[in-house]
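Biologist: I have a model open on my screen and would like to learn how to read its features. Could you take me through it?

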Amino acid sequence: MLDGYIIEELRRREAERQRQERQQPQLDLPLRRDEGDRERRSDGEEPSETGGSVVTIDL
């Protein structure tokens, strides 16, 4: 069994980690596309019905 101060240190570290995660900026992505979006594709390809997409980011 762990000593009390070790348990408290683990709790403190976990609370600090969770606090840091909450402070990080988050981006909410849309989970569902509107039907109108399917018609506005600029590359001329038909959208797949599986729901997968490839995003290329050129830095």
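**Reading the salt bridges**

Modeller: Let's start with a pair: the side chains of E14 and R17 form a salt bridge, at 2.3 Å from N to O. This is a predicted model, in which local features need pLDDT of at least 70 and side-chain atom pairs count only at pLDDT 80 or more, while totals for chains, interfaces and linings use all residues. Residues are numbered from 1 along each chain as its sequence is written, and side-chain values use heavy atoms, leaving out hydrogens and water.

Biologist: What counts as a salt bridge?

Modeller: A side-chain nitrogen of Lys or Arg within 4 Å of a carboxyl oxygen of Asp or Glu. By this rule the count is 6 salt bridges.

Biologist: How far apart are E14 and R17 in helix α1?

Modeller: Helices are DSSP runs (H or I, at least four residues), and strands are too (E, at least two), numbered from the N terminus. E14 and R17 are about one helical turn apart because they lie 3 residues from each other in helix α1. R17 also meets E21 in a salt bridge (2.5 Å, N to O).

Biologist: Is R17 exposed or partly exposed?

Modeller: Buried means under 20% relative accessible area, exposed over 50%, and partly exposed in between (1.4 Å probe, protein chains only). R17 has 37% relative accessibility, so it counts as partly exposed. R13, at 52%, counts as exposed.

Biologist: Which residues are linked with R13 in a network of salt bridges?

Modeller: E9 and R12 join R13 in that network. The R13 and E9 side chains meet at 3.0 Å, N to O.
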